[in-house]
Amino acid sequence: MTKPVVLIAEELSPATMDVLGGDFDVRHTDGSDREQLLQALPEANAVLIRSATTMDAEAIAAAPKLKIIARAGVGLDNVDTQAATDAGMMVVNAPTSNIISAAELTCAHILASARNLAEGNATLKAGEWKRSKLKGTELYEKTLGIVGLGRIGSLVAERMQAFGMNIVAYDPYVTAARAQSIGAKLLSLEEVLQASDFVTIHMPRTPETMGMISDEQFALMKDTAYVINVARGGLVDEDALTRALGSGAIAGAGIDVYVNEPAKDLGFFSSPRATVTPHLGASTLEAQEKAGVAVAKSVRLAMAGELVPDAVNVAGGAIDPYVRPGIPLTEKLGRILTALMRNQSLTAVEVHVAGELAEMNVDSLKLAALKGVFTDVVSTQVSYVNAPVMAENRGVEVRLTTSPDSPSYRNTVTVRGAAANGEQYSVTGTLTGPKQVQKLVGIDDFEFEVVLADHLLVLQYQDRPGVIGVIGQTLGDQHVNIAAMDVSPDDDNDTALAVVTLDAALAEGTLTTISDTIGAERSCELNLEER
């Protein structure tokens, strides 16, 4: 059996390779070499990158087999996430891999700024002894202003309180109670800038946050204050920073990130009051290993056809282990629904979860149903990523409903579809026993119980003696074995629905022969083998 191809486009830790193990055909390329990258992508099922590899629309178009783009780090500036989503590719990163390293570097910049480490190092190496001119400041009882009290900002607050610093913070998405639990007092941005002896920025880079610290903000700060940016290049306006340092509007700065990288000859680089580092926030052995291991685990999940908690372009988040077995079942229910609708135009899909599962987050089951619904009706790759996009583009209304009541089984999942002509269809499945066996237990108003297999035959007909014999005889003539069969009668309409589990696909024309012979009102062959 051919192993999936995992393309490693940049150097990753040995632990990353250990997680991938021997289940993949691991290949290496230089992602910074555009021509080499484009030549390697056509055979790749997954690609692991860092910051030097650009996965833009051109690269994505060159990779028709690609299922996942895994960025071993936090930022995704080098990945065209929208193009990947349209192509059905999952994009993952390692959002928590570098938070400790970034927080520690922030603290290092605060300390370096307070004690003039950069200038002291440079002048001493140049043969100058400037001890008397390099008086620093203690952190004890100084005020640290944190702009953005997320994971990294919170870690910085925790660490700098050990130095006896007072913490104030600005974050429009954090409650006063949450800030208080961290040991910070929430203020407006202007109040934080005015009150702080050190200001550190920990915000995402968006159109709204670009240049959020500029001339106007520097004018609010103390002339003895320092500004630190280890988060994203451009949050601090680089030209305005040059002016503020040159005029003495602030005492100094510690900068690790830049608008354009690699950065060279920026105006403030020449200032002895600026400590600058070449984007070292995630540059620790520990952070790089965590990032590589995290995305390697995501690749394994994606290659197994499972949803990935760290995917940035898939809704659903972390999946409860109790919910996870329902994902492949629900995907199959979606495929069965499409087959039963016989290419009718779909206008709405409802996924209804009943039983104990209803108490959990089952958003992933909605994604699985949509993936199944579109798998056999479009020619492009369908994934958990682009299935919702396909539904939206086709004007298909999608709903997820739940109920704690499941009279016949511990849990059931029903996928319902509405056709443009007004007809309604539904398919119900469940998982039974310690092995969580997938079973089909309902189609429309018919109830039965059959184990889901790769090949199924569904026949609805007028209920009368001899029909089952005809079905068996015809299949026998075609050397197709019946693994199981369940018949559900509808006494009110004198009809019955038979679901037959087969050990192989039917030869061409067999379904028509059976249908014509028994006068079937509805007939359908289901092939649920993975595409």
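**Parallel sheet and helix packing**

The model contains an open sheet of 5 strands in the order β2-β1-β3-β4-β5, with parallel pairing; strands pair if DSSP finds at least two bridges between them. This is a predicted model, in which local features need pLDDT of at least 70, side-chain atom pairs count only at pLDDT 80 or more, and totals for chains, interfaces and linings use all residues. Residues are numbered from 1 along each chain as its sequence is written, and side-chain values use heavy atoms, leaving out hydrogens and water. Helices (H or I, at least four residues) and strands (E, at least two) are DSSP runs, numbered from the N terminus.

- The edge strands, β2 (25–28) and β5 (90–92), each pair on one side only.
- On average, neighbouring strands of this sheet are turned by 15 degrees against each other, direction ignored.
- β3 (residues 46–49) pairs with β4 (residues 68–71) in the parallel sense over 4 bridges, and L48 stands opposite A70 in β4.

**Helix on the sheet**
- Helix α12 (residues 285–303) lies across β1 (5–8), β3, β4 and β5, and runs at about 170 degrees to β4.
- Angles run from 0 to 180 degrees between N-to-C directions, and axes are lines fitted to C-alpha atoms, for helices over the stretch in contact.

**Helix pair α16 and α17**
- The axes of α16 (residues 467–477) and α17 (residues 510–518) come within 10 Å and cross at roughly 155 degrees.
- α16 is therefore roughly antiparallel to α17 (angles over 145 degrees).
- V467, V470, I471, T474 and L475 in α16 meet T510, T513, I514, T517 and I518 in α17, contact meaning heavy atoms within 4.5 Å.
- By class, this contact has 6 nonpolar, 4 polar and no charged residues; Ala, Val, Leu, Ile, Met, Phe, Trp, Tyr, Cys and Pro count as nonpolar, Asp, Glu, Lys and Arg as charged, and the others, Gly among them, as polar.

Notes. Angles under 35 degrees count as roughly parallel, over 145 as roughly antiparallel, 65 to 115 as roughly perpendicular and the rest as oblique.
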